Amino acid sequence: MTMQPHSPTFTLGQIEQGPPCCEPIPHLSIKGLSVRYGAQTVLDEVSLDIYKGCITALIGPSGCGKTSFLSTLNKMTDAISHAHVTGSIHFDNNNILDAQTNVLQLRRRIGMIFQKPNPFPLSIERNLELPLKEHGIKSRKVRKEKIEKALRDVGLWHEVSDRLNTSALALSGGQQQRLCIARAIILEPEILLMDEPCSALDPISSGIVEDLIIRLRGDYTVIIVTHNLAQAKRVANYAAFFWMKERVGKLIEFGQCQHLFDTPQHELTAAYISGAKG
Amino acid sequence: MPSRSASNIRLADQCFSVLIMACAAFVTITLIWVLGDIVIKGASHITWSFITSEPSDAGRSGGIGTILVSTLLILCVALGAAIPIGLGVAVWLSEFTVQHSRFSNTVGTTLDVLAGIPSIVYGLFGNAFFSLYLGLGFSILSGGLTLACMILPIFIRTCESGLSAVNNDWRKGAQALGMSRSAAIWHVLLPAAAPAIIAGLILGIGRATAETAALIFTSGYVDRMPGSLLDSGRALAVHIYDLSMNVTGGDNAAYASAFVLITLIILLNTTAQSLIDRWFSQRIYAS
Ligand SMILES: Nc1ncnc2c1ncn2[C@@H]1O[C@H](COP(=O)(O)OP(=O)(O)OP(=O)(O)O)[C@@H](O)[C@H]1O
Ligand SMILES: [Mg+2]
């Protein structure tokens, strides 16, 4: 395969051939992470590194603990009283799971996008303004600038700039999801967690959101859960395959996305991606 | 036979529809009758001086000016106490206690029982607690606080169920953005629950404005202009009760007062609704 002069900075093709799309610098270092709900272990001893500026896709059958894994990374599991998380997640030389972690600050640095778009029942502008105010940005002018920038970044500005004061719930599903992404990136996080961000959207909106996610690569470290293997192949640099044995989720294989899909090392992975299982 | 059973079903259907329509008609006619009675017998006595002047001759003549003032003061005290306490308790119940735990179920049942207690019992309680124990005597303050106790259970319940019905995705969204719990409640959940809060408030205003029994022993009968919240003041509903039960020849004034009372309730509800609507839409849309 020859390099085209105007090819985007990151393509999957380059991973195999030249240098990796991004330096494999661990941004999050996860060691022996286990999640229990009450007595039921749903995720057992997961260890992997999430690389800076890359998109890591989490794939695997329903119920294998992908959402649980994701919510330990920004401590959303704290809100579930019967959830117990053990192991360590190193981020910036600190263990996220330590009790003294400032959760509100952590969530500013690690944003999250949900499966169902969840803009607040407020105006478009207020949706973006609330998190800014909450994180101490007092100047109205600065907020306005940041709001415009975030909306431009997600390609929503020209669609909504004339109705910033109308309800965000009046937007289409795809627009709502892009607004949620704007709401997350307006806080300038380093990492974005996305839990099946396209699965509630129609194919066209889904494609637009997917393009947006690809454009985030390099600027943000993205971890995306998806059931759509083709999508994982299209967007991700790295992929992690989770599987469930006796209701306990395990990480089976982790590697560069194309390698994982082309030459899976584990037979479960091979069976899952060929559609034979899961 | 299929055709026969089909016609039987049709007959049953028709009977049922007729029954339902009869019920609906009964309710509507009763309402129109009561309202019509009051409007016909009351509206003709309404004059500006009736609304503004003091009652005289035990209410047979004169007006209801001082009574309107007392009524509004009592209502202000009641709402001023009930709204912050009610919202606080509702937020605490829906956001800070475990849903469906034994504790929250107990509190819920208690509130339901309290909401069903006859208002005269609240009156006796208010008399014993606010008037005598706290030494507030027969006053607008004790009357208003008694009314607050009376409307609190139902107000808390409506607000609480409104808050619990708020989409959980918004809670998670606020959490994931690193918003504090109080900010999420104040900026997202309460505006989202606004319709339920308005409904609870309208119920409360309706009950409080129309209340007689709870006020007789707490805010009293005095029909002079109250000088302060510690003065006794006669509420409109108490006035109507007094005119129709104790004052011979007070019927005209009673009808006129009832007409004013109904107008007042309608007016208060629409103002409350539009005020809150505006307040919340400011929170929703303004930047
Ligand atoms: N709050 C909770 N309390 C108890 N069990 C839970 C809770 N959340 C998830 N589980 C259980 O943990 C397991 C993993 O769930 P999780 O949502 O992480 O899976 P998932 O891989 O995201 O599945 P899906 O692809 O369907 O979203 C499931 O068996 C689920 O029933
Ligand atoms: Mg999931």
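1. At roughly what angle do the axes of helix H3 and helix H6 of chain B cross? The angle is roughly 35°, and the two axes come within 6 Å. H3 spans residues 65–96 of chain B, and H6 spans residues 140–164 of chain B. Note that this is a predicted model.

2. H3(B) passes H6(B) in a right-handed crossing. By class, the contact of H3(B) with H6(B) has 25 nonpolar residues, with six polar and two charged residues besides. Two packed helices are described by the angle between their axes and the distance between the axes.

3. Now the ligand site. There are 13 residues around ligand 1. Those that come nearest are A:Ser62, A:Gly63, A:Thr67, A:Ser68 and A:His227. Helix H2 of chain A, residues 66–73, gives the largest share of the shell, three residues.

4. The class make-up of this shell is worth a look. Seven of its residues are polar, four are nonpolar and two are charged.

5. For A:Ser62, a polar side-chain atom lies 2.3 Å from an oxygen atom of ligand 1. For A:His227, a side-chain N or O atom is 2.8 Å from an oxygen atom of the ligand. For A:Glu196, the distance from a polar side-chain atom to a ligand oxygen atom is 3.4 Å.

6. Last, the cover. On its own, ligand 1 has 630 Å² of accessible area, and the protein covers 64% of that.

Key: Residues are numbered from 1 along each chain as its sequence is written. Chains are lettered from A and ligands numbered from 1 in the order in which they are written. This is a predicted model: local features need pLDDT of at least 70, side-chain atom pairs count only at pLDDT 80 or more; totals for chains, interfaces and linings use all residues. Side-chain values use heavy atoms; hydrogens and water are left out. Axes are lines fitted to C-alpha atoms, for helices over the stretch in contact, and angles run from 0 to 180 degrees between N-to-C directions. Helices (H or I, at least four residues) and strands (E, at least two) are DSSP runs, numbered from the N terminus. A crossing is left-handed if the near helix is turned anticlockwise from the far one by less than a right angle, and right-handed if clockwise. Ala, Val, Leu, Ile, Met, Phe, Trp, Tyr, Cys and Pro count as nonpolar, Asp, Glu, Lys and Arg as charged, and the others, Gly among them, as polar. A residue is near a molecule or strand if one of its heavy atoms lies within 4 Å of it. A polar contact is a pair of N or O atoms within 3.5 Å; within protein, one must be able to donate a hydrogen and the other to accept it, and residues adjacent in sequence count only if both atoms are side-chain atoms. Accessible areas come from the Shrake-Rupley method with a 1.4 Å probe; for residues, only the protein chains shown count as cover.
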